[in-house]
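Me: Could we go through the aromatic rings and the nonpolar core of this one together?

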Amino acid sequence: MTALRKTTVALTPSAAPFAIRAERSSDVEAREMLLDACFGENRHQRTCQRLRDGRAPAEGLALSAIASGRLVGTVRLWHVSAGGRPALMLGPLAVDSTCRGLGVGAALMDRALELAQQRGHGAVILLGDAPYYARFGFSLAKMGEVALPGPFERDRLLGLELSEGALDGACGMVTATGALLLKRKARAKTLRAVPQAA
């Protein structure tokens, strides 16, 4: 098991303080605009997005960073099977360009990993920049036999065990296991289609 590391958040005198809280429905539009700005409008075509499409994030593990009343950062975690082992997939992590270097991303990561561990999750995986995520305990260890359902760079598929041995024997494709959103939408359509009594 890798011990969770707390990252130092250094605010400059001119920096607005920020708070990390659970994502709210009122954050959705701002979150989507932030993700488009950070990753481009083609972000929906990326391999990891296929694991998120039509799924709900893991309960209690969608977080927003707020500064001066506006959303400046976001991170979400999703239920997956990582080569046959239950895990969470982290991403995307995004921070507004005006707040980079203030520790917003590190604070979101620290809080997300802390909450995941408190909720009893055993492992977190992600596709990202190894030097950045290494400071949170992520590594290539135990991910060599795990693959994503589409193109990806092998040296960017990283894992973190929140409980010792959680990724032991992980081998095969990462698949989505989270709750489907489609059922909710389909149920809403069905309810609208049922004639109401006069």
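**Rings and core**

Me: Which residues do ring pairs link into a cluster?

Reply: Ring pairs join Tyr132, Tyr133, Phe136 and Phe138 into a cluster, where Phe, Tyr and Trp rings (Trp by its six-membered ring) pair if their centres lie within 6.5 Å, and planes under 30 degrees apart are stacked, over 60 edge-to-face and the rest tilted. This is a predicted model, in which local features need pLDDT of at least 70 and side-chain atom pairs count only at pLDDT 80 or more, while totals for chains, interfaces and linings use all residues. Residues are numbered from 1 along each chain as its sequence is written, and side-chain values use heavy atoms, without hydrogens and water.

Me: How many aromatic pairs does the whole structure have?

Reply: The search finds 4 aromatic pairs. The ring centres of Tyr133 and Phe138 are 6.1 Å apart with the planes at 75°, so this pair is edge-to-face.

Me: Is Tyr133 buried or exposed?

Reply: Tyr133 is buried, at 11% relative accessibility (buried is under 20% relative accessible area, exposed over 50%, partly exposed in between, with a 1.4 Å probe and protein chains only).

Me: Which residues touch the most other members of the largest nonpolar core?

Reply: Leu90, Val104, Met109, Val124, Tyr133 and Phe138 do, out of 32 residues; such a core is a set of buried Ala, Val, Leu, Ile, Met, Phe, Trp, Tyr and Cys residues joined through side-chain atoms within 4.5 Å.

Me: And what does Leu90 contact?

Reply: Leaving aside neighbours within four places in sequence, Leu90 is in contact (heavy atoms within 4.5 Å) with Val75, Arg76, Leu77, Met109, Val124, Ile125 and Leu126.
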